[in-house]
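This report describes how one protein chain is folded and how parts of it pack against each other. Please keep the sequence and the model in view while reading.

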Amino acid sequence: MITLEGRTALITGAARGQGEAAARLFATLGARVVLADVLDAPGEKVAAELGDAARYVHLDVTDEEQWKQAVATAESAFGGLDILVNNAGVFRSRHITEETAADFTRTLGVNLVGPFLGIRSVVEFMRRAGGGSIVNVSSVSGLKGVAGSASYGSSKWGLRGLTKTAALELGEHGIRVNSIHPGVIATPMNEGIAPPPGAGNHPGVALRRVGLPDDVVGLVAFLASDASAYLTGAEIAVDGGFSAGPTPPMRGAAG
C-alpha cells in the first residue's frame, strides 16, 4: 500500500485540476502539503478544507524569490520538505506562424524555467533530509510532436530533458527525479479544447475516453512514495494509450 505518512510535499498549481487532486490524495495518504498557486482564493479554500496538514502559499513559479518563500513555509510549518511536484503550467494552441516570441517565452518561463527554479530551491533541503522525490508534470506533447503546440510542446520536451539531467546529478544525494506525461485530461486548463469526459468520447486514444485528474494523481503519489524507491530518470505516459500509436477503427459488438 502506498503511504506518504510523515512526508511533506510542495505542489505547484494546486488550486485546481490535477494539482488540487494531488494535494487531496497526498493528504489522504498521510502527507503534509504546501499548496502553491497564483490563484489565491481557490488555493486557500482547498488548504482550509484539508485542515492542519496543509498550508497555502502564493507562488509565481517564474519568480526565484517566491520559490524561496514557498520552501521556507514548508520548513517553518512542517520541519522540512521531502517531495516536490512541479505541476503548474500554461497551455495555448497556436500555429507556429501565429505564435509570438513573447508568448513563446512566457510559456517556457512557466513550464520549464519554473520547474528548474523549483528543483534548485529544494535540493539543499532534500540533501539535508537524506533524499527526496521530485515529480515533473510534462505532457504527451513532450513525447511526440503535436501540431499547434510549438511553445507548449517545446517546454514539455525541455522538461523531459531537465528531468533526466537532474536525475543524474542528484541521484548521489538520494533525490529521485521522474517525469509523467499526461494525455488529454479534463482540467480547467483544457476546458473548451478537450472532448467531454465519458466512455467513447475520445476515439483517438486506446481507452476511448478523456482522462480525469484522478487518473493521473495515483501515479504522482506512487513516484513520491517509497514504492518507487529505485525509480529515477523515468518518463511515464499516463495518456490512455495516445502515445502508443494510432488507434484502430472501433469495432461493433459481435452479431
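Angles between axes are sorted into classes: those under 35 degrees count as roughly parallel, those over 145 as roughly antiparallel, those from 65 to 115 as roughly perpendicular, and the rest as oblique. The axes themselves are lines fitted to C-alpha atoms, for helices over the stretch in contact, with angles running from 0 to 180 degrees between N-to-C directions.

The model is predicted: local features need pLDDT of at least 70, side-chain atom pairs count only at pLDDT 80 or more, and totals for chains, interfaces and linings use all residues. Residues are numbered from 1 along each chain as its sequence is written, and side-chain values use heavy atoms, with hydrogens and water left out.

**Overall fold**

The protein has 6 helices and 7 strands; helices (H or I, at least four residues) and strands (E, at least two) are DSSP runs, numbered from the N terminus. Read from the N terminus, the order of elements is β-α-β-α-β-α-β-α-β-α-β-α-β. A box of roughly 60 × 45 × 40 Å, taken along the principal axes, holds the C-alpha atoms. The radius of gyration is 18 Å, which agrees with the value near 18 Å for a compact globule of 255 residues; this radius is taken over C-alpha atoms, and the globule rule is 2.2 Å times the number of residues to the power 0.38. Of the 255 residues, 46% are buried, where buried means under 20% relative accessible area, exposed over 50%, and partly exposed in between (1.4 Å probe, protein chains only). A contact means heavy atoms within 4.5 Å. Among contacts with a separation of 6 or more, 67% join residues 24 or more positions apart.

**Helix packing**

Two packed helices are described by the angle between their axes and the distance between the axes.

| Helix pair | Angle | Axis distance |
|---|---|---|
| H1 (residues 17–28) and H6 (residues 213–224) | about 55° | 9 Å |
| H4 (residues 101–129) and H5 (residues 150–170) | roughly 15° | within 8 Å |
| H3 (residues 64–78) and H4 | roughly 35° | within 10 Å |

H4 is therefore roughly parallel to H5. Residues of H4 in this contact include Phe104 and Leu108, and those of H5 include Leu159 and Leu162. By class, the contact of H4 with H5 has 13 nonpolar, 6 polar and 1 charged residues. Here Ala, Val, Leu, Ile, Met, Phe, Trp, Tyr, Cys and Pro count as nonpolar, Asp, Glu, Lys and Arg as charged, and the others, Gly among them, as polar.

H1 and H6, by their angle, are oblique to each other. Their contact has 10 nonpolar, 3 polar and 1 charged residues.

H3 meets H4 through Glu64, Trp67, Val71 and Glu75, with Gly114 and Arg128 among the partners in H4. The contact of H3 with H4 divides into 5 nonpolar, 3 polar and 4 charged residues.

**Two individual residues**

Ile134 lies in strand E5 (residues 132–137). Its relative accessibility is 0%, so Ile134 counts as buried. Not counting residues up to four places away in sequence, Ile134 touches residues including Leu84, Ile119, Leu170 and Val177.

Arg208 is located in the loop between strand E6 (175–182) and H6. Its phi is near 60°, a positive value in a residue other than glycine. Arg208 counts as buried because its relative accessibility is 14%.
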